[in-house]
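User: I would like to work through this structure step by step. Can you take my questions in turn?

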Amino acid sequence: MYRLGIDIGGTFTDFVLLNEQGEINLAKVRSTPGSVNFMHDGLKVLCHNLNITTDELLQRLDMIIHGMTVSTNTIIQQRWADTWLMTTRGFRDFLEARLGWKPKRYDYFWRYPPVIVPRYKRLPVSERTRANGEIWEPINTTDVMDNIEKMRKAGAEACAICFLHAYANPTHEREAAELIKEELPEVEISISSDVLPIHREYQRGSTTVLNASLKTSVSKYVEDLGKALRTLGFTGEVRYVQSNGGLGSGEFLADMPIYALNSGPAMGPEAGLFFASLFNRDTLLICDMGGTSFDVSFVQEGSIPMVKDVDVCGYRVAIPMVDVTTLGAGGGSIAWIDDSGRLRVGPKSAEAEPGPACYPQGGQEPTVTDANLCLGLLPNGLAGGMELDRLRAEQIIQQKIASPLGLTLYEAAQGIIDIVNSNMVNGCEAITIGKGYNVRDTVLVTGGGCTPAHAYDIANALGIKEVIIPKIGGVLCAFGAVVANSKRDYIRAYLTKLGEADIGWMNVTYRELEEKAFADLKKDKIQREKIQIVRTIELRYEGQSHELTVNVPPGEIRAETLAAIRELFHKEHEKFFTFRDMVSPCHIVSLGVVGYGQVMKPSVTRDTRGNGDASSAQKGSRLTLFRGYKESRETPVFDGGQLKCGHIINGPAIVEEETTTIVVPPGSTLELTEYQAYLLHIQ
Amino acid sequence: MNSNIKHRVDPVTLSIVLGYLETLTKQMTLVMTSTARSGIFKFAHDYSDVIFDGQCRCLVQGEDDQPIHLGTMATAAEIISQHFGNDIYEGDIIYHNDPATGGAHLQDMMAIAPVFIDNELMFWVANKAHQIDTGGMLAGGYQSLAEEIYQEGIRIPPVKIFEKGRERKDIIDLVMANIRYPLEQRGDLAAQLGACGVAITGLRNLVKKYGKQTIKDCIEDMMDMGERRIRGVITNWPDGVYHGVDYLESIRGSGDLELKVKVTIEGDAMTVEWDTPPVLPAFVNSYPGNTLASVYHQVLVSARLEPPFNAGCYRPIRVNFGPPGTIANAILPAACSNATTTPAQNFLNAMRRALSQVLPKENLNACWGESAGFTSSSVNPSTNKRYTWLHIDAAVSGMGAVWGADGMPWMHTEVGAGAISTPQVEEVENDYPMLITRSEFRADSGGSGKWRGGLGGSYMVEYPNHKQVTIAVMGQGNKFAPCGVLGATNRLLEPKLVRRYVLRDGKKTMLGTGERVILDEGDRFVCEVSGGGGMGNPFERDVDEVRMDVQNEFVSVEGALKDYGVVIEPVTLRVNTEATAKLRKKSSV
């Protein structure tokens, strides 16, 4: 049986087909914005590869896993449903107040994107719950009914409810939701105590509003895709990639579309971990350098890094999301000289149109790709038979960078590469060393077409000696999707001192959340024995406003468990922030449960190892300038398609793959391993 | 054009070193954000990180830090380094808050550490953070009753709290013994030291990688680059002498006072000269570091430059603070605990009025509202412990309009320029035993103009089961609305002024600037803040924009009529086009 992963990008949609034996088949087709036609195109290519009919493929296909972009695109294009918000009277502006914070201190011209619910659609209700859950003022149902009338008249499509302290007591929110449901059954409702029961009304409210505003478009998409697949004759299951790095069913995401937001890069770390574990490594840096941006995550001891409380497209989201840092560093990043005379690279990119200067009808600005071409690191032709114009790349770099700065052409080209590499290294350091983690001697895994040309420099600067370069790096996220597990997150606010925590209540709460996880994953057709539960707890020292998450030891919670949790927290705090505080009490902020449902672990095909002599795969040579060379030297060029498992190439060399170019500088060795992945060793 | 620029270091290394330094300040900020302890500090991001070179020249500053800190940190760092001379060693950390030696007000406490490399002083790293208490007459640091600095709390001149790596516990204890909430403040100090530690490690790695000389050359190049950028802007501003003024509202019978500034632009440099009245026996005096910070702030905003900013950017700006003992050049024993907002914001406004005469339209920006708040202190009825809360959650004003866009609503003081986050109702109520009953935009508070000022906040709070609560207000704006630019005028004035009052049995008792009051059980306290100033003639504002503002209750029907000359039917909210045209025409004649 097969599993199919599909990842939609701006230009291309990637297909990865995997069977239980671990055999992989790939397809890359043009994206079809606004329709599901890409399915036909992709299946056609796969069937052609396998030499079977579409019907045969569909019969053997038991699951399609799909990274949808509809939820992110809906936000970017501001095509959300007509969304309203009911709040506690006197507090209807937190959504637009945005905590009173803005970036860029001396820039008074910067603006946020428009608020999703304008003020006249934010409707107050007299009611009040206090921080401890006590109801201070009962809900005024006349207010709710008046608001419903307003919504009815205006033809509202969605409604979020966020009352103060509803995480501590959801009674009023539920009451209001019931009334809306009765009166306006067609309106999509999201209530904050269901979507994300945490304290902090801005984070909870903003997440809930986004969720409500996305329901219509996401449920429509799920329905359309399901229909299209059924029409094709597909009878298996469909799963979607979530921003938390796991999979969810269409039914779940139609109700909780917020979990589909920004799920694009979420699968990179999972895929990186998959490859690293083939080499018995569980701590890795996964880097994905594409045309416009560089995505990086640090996976430690097998755990995918998570983040919450971030702005996505300018809107605050507080559900847990895979922590992927994105920088404006890609092959298309533009090199420029700023008003102080400083050479900079990015964040602006030449994008797909017009593209780097060396592209046919390319742009007028020098890019990273132009610099690489100039140095002889890239072939003169790219995938799709596109010719790259090296002469033009040289002219532009000379004119825009080298001459103004008084550098030679090659100094300028090398400088562009050094700066973009340094930007990426800084990004990598910020998420590792900057957080107190050791990155030396870990492993770097590459994804994205541009990374293998820069991997050596990035790894070397970070003290990393091994780089894993999967052949399928260009479709890494789609691959991540087919090896991922189902995942659900649950959270319950609990603001109390750790020393005064009610152990009985905690046990009951954890059990409740766990049962919820079992029930929800069962709906996604995961058997109980395939479900793994992880309990978490968020803690901080008294007075802090930022909490850290630690895992709770399994089993019944007792007084000793609390002591163990305290110690885990001290340790984590010291690791993150260089000190532990033995005087201040620890406070609990929330309890959490993560449910993982194992879907299918593919076995891995291992190629047989041949001898190390790669000379048969050499297809020629070209002049290349590596750092430290005074002038260009002839460097052997290998055809990646001809390399066999066990082949070893000593740098300096270039290996050309169909979708990427691997640069093997002097002082490094590249080996094709039995897992269809290269291993770059740095001495 | 660029071919004339000669660098000491090759441009690639320079760019990489600079990028690394910027990353380091980001890491310092991360440590602070995540570990800070006390309220204002943790919610409000009221802290800043700077890396100086060995001569105390600012190399990089945190991108999201407080402008008002950045100016004073430079002044203080220089004084501190002179103070110790050669008596400074690896492992030393100095603590400081004294306005007389470069500080702004006692609440801002700075930890600064030298970074030695092979026995040579190469850098200083510093973190400045607003602390919740300084001792003194009132909890919270804002000493509205003080007449001189000795009543405002503990002054910390340059003093080592770590000496050659060893903690001087006695000194730290001395500081903490003079502060009401030592536990919180010890935590905050640890966060500050953590931030400095991250930077020290990073700087060592940097020098190890590139060598001392290269780094020194990079520093000189960076200074030149900063200088060149700002000169490149100033040179486009017409030469001349420009006057600006702003008004300090009467405090304790002082009468309203003029704070005057003269800005002289000559080629690519400028001179800023202050002319302010003698210091007052109140907390609104500005020591030179604080005044300097305001000048730098307004120049950088007006120049519309992208970061990074370093000491080179300050080179073409000469500042004369006026005679010692005047408000802009305070000397001991002048009180100053409110100085970072009042008169700092007045200084920004005076500078703005002067520069408005020279700036191109695209660089113009209107005044931000007065971020006027208050502190409440009492005993928590359930724990019997004393507490003080500085209501930054109430002190939200609005940003001034800029050329081409309305100001953003709900911003704190301009001196923080968007760095200060509002603590949320659910956070405050989990930490403090009060009940907030309103926290929303205040209608009509945005200054009217073709582009409207951002709205300020309207806030109401009560203190269930409390016996007594002491409220002390700070900030101004009771009399003067935030000024507009390019013909922006306010006709509906009342909602553009700061109003703070006690509500008792439906009756309002207003509080004036710097006053305090004691609440009884059942009293409620209201704080209504002004928004930002507008830009351009409000009668030229797009009619549909005004209609939408009314629909959103940013502007009332009355406000639409008076401020914007737009006639709107109160029930249907339809625009009466004819009446509007007539009204607008009449006013333009």
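Analyst: Start with a definition: two strands pair if DSSP finds at least two bridges between them. Keep in mind that this model is predicted.

User: In which sense do β29 and β31 of chain A pair?

Analyst: Strand β29 covers residues 633-639 and β31 covers residues 653-656 of chain A. Three bridges join them. A:F638 stands opposite A:V655 in β31(A). The sense of the pairing is parallel.

User: Which strands are the edges of the open sheet in chain A?

Analyst: Four strands form this sheet, in the order β28-β29-β31-β32, with mixed pairing. Neighbouring strands are turned by 25 degrees against each other on average, direction ignored. An edge strand pairs on one side only, and here those are β28 (618-624) and β32 (661-664).

User: Why is helix α15 of chain A largely enclosed by the rest of the structure?

Analyst: The helix spans residues 476-483. Its buried residues include A:L476, A:F479 and A:V483. A:F479 also belongs to a cluster of ring pairs with A:F274 and A:F275. Helix α15 is largely enclosed because its buried residues number eight of the eight.

User: What kind of aromatic pair do B:W389 and B:Y432 form?

Analyst: B:W389 is in strand β13 of chain B, and B:Y432 is in the loop between α10 and β14, 43 residues apart. Both are buried. Their rings are 4.9 Å centre to centre, with 35 degrees between the planes. Planes under 30 degrees apart count as stacked and over 60 as edge-to-face, so this pair is tilted.

User: Over which ring does the charged end of A:R633 sit?

Analyst: The charged end lies 3.8 Å from the ring's centre. That ring belongs to A:Y629.

Conventions: Residues numbered from 1 in each chain as written. Chains lettered and ligands numbered in written order. Predicted model: local features only at pLDDT ≥ 70, side-chain atom pairs only at ≥ 80, totals over all residues. Heavy atoms only, no water. Helix = DSSP H or I, 4+ residues; strand = E, 2+ residues; numbered from the N terminus. Axes fitted to C-alpha atoms, helices over the stretch in contact; angles between N-to-C directions. Buried < 20%, exposed > 50% of the residue type's maximum accessible area, 1.4 Å probe, protein only. Phe/Tyr/Trp six-rings, centres within 6.5 Å; stacked < 30°, edge-to-face > 60°. Lys NZ or Arg CZ within 6 Å of the ring centre and 35° of its normal.
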